[in-house]
Amino acid sequence: MAPHFGLPEFGFLMRGLQWTMLLTLVAFAGGCTAGLAVALLRTCGHKGVEWVIRIYIGIFQGTPLLLQLFVVYYGLALTGLKLDAFVAVAIGFTVNASAFLGEIWRGAIQAVPRGQTEAAMALGLHYSSRMRDIVLPQAIRISLPATIGYLVQLIKGTSLAAIVGFIELARAGQIVSNQTFQPLLVFGVVGAMYFILCWPLSWWGSRMEARLALASQR
């Protein structure tokens, strides 16, 4: 007789949720760090560097994330570098996030009024000072709604980590469903968990976007 969905199965889903949250945190933190470097290089003014970064962004935006995870885990293993499943998917998500966040922040940097940058240059501020004190604070505020939106997509995208055997929330739900033969109940609980994670972030992002739109009209 197949087991019913109960506390042990719910606890297993909760452990999957914990891994989903940890993977999201690692990938987002790493993606923010690398994405900032990508955005700065993309707007550095050196055509050669910008061309290389444009190709980098194009590769990771133009290929499926599932394929990228597959290449990181199985492709590196073929070269003799065998990575733990969590490490492999964390690297894959981080690199992918760096391309998307880098492009989001590139747009935000370029959205800062050019006159402010020109004024800073007239005052003799170096590139690092202009970015740190004038451009980036405004760019971060401009990009916040889009960044939050990407974070929501990242949380849901972690379900692709199951391709390399990593057990996150969606994969945990599949395992419990196969054991209990109650897919509607199990995936209803899984969907509710994703909703609890994502909806507050989506609401926050919408509020931030509305505030920015209102501020721009003043």
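In this predicted model, α1 crosses α4 in a right-handed manner. A crossing is right-handed if the near helix is turned clockwise from the far one by less than a right angle, and left-handed if anticlockwise. The two axes lie 5 Å apart, and α1 and α4 pack at about 45 degrees. Helix α1 is therefore oblique to α4. Angles under 35 degrees count as roughly parallel, over 145 as roughly antiparallel, 65 to 115 as roughly perpendicular, and the rest as oblique. Axes are lines fitted to C-alpha atoms, for helices over the stretch in contact, and angles run from 0 to 180 degrees between N-to-C directions. The contact of α1 with α4 holds 20 nonpolar, 6 polar and 3 charged residues. Here Ala, Val, Leu, Ile, Met, Phe, Trp, Tyr, Cys and Pro are nonpolar, Asp, Glu, Lys and Arg are charged, and the others, Gly among them, are polar.

Helix α4 covers residues 85-111. D84 caps the N-terminal end of α4. A side-chain oxygen of D84 lies 3.0 Å from the backbone nitrogen of F86.

Helix α1 (residues 7-42) also meets helix α2 (residues 47-62). Their axes come within 8 Å and cross at roughly 135 degrees. That angle makes α1 oblique to α2. This crossing is left-handed. From α1, the contact takes V38, L41 and R42; from α2, it takes V49, E50, I53, R54, Y56 and I57 (contact means heavy atoms within 4.5 Å). By class, 6 of these residues are nonpolar, none polar and 3 charged.

Helices α5 (residues 114-122) and α6 (residues 127-157) form another pair. Their axes come within 11 Å and cross at roughly 170 degrees. So α5 is roughly antiparallel to α6. Q116, T117, A120 and M121 of α5 touch R130, I134, V135 and Q138 of α6. This contact has 4 nonpolar, 3 polar and 1 charged residues.

The C-alpha atoms fill a box of roughly 80 × 50 × 25 Å along the principal axes.

Residues are numbered from 1 along each chain as its sequence is written, and side-chain values use heavy atoms, leaving out hydrogens and water. The model is predicted: local features need pLDDT of at least 70, side-chain atom pairs count only at pLDDT 80 or more, and totals for chains, interfaces and linings use all residues.

Technical notes. Helix = DSSP H or I, 4+ residues; strand = E, 2+ residues; numbered from the N terminus. Expected span 1.5 Å × (residues − 1). Polar contact = N/O pair within 3.5 Å; in protein donor to acceptor, adjacent residues only side chain to side chain.
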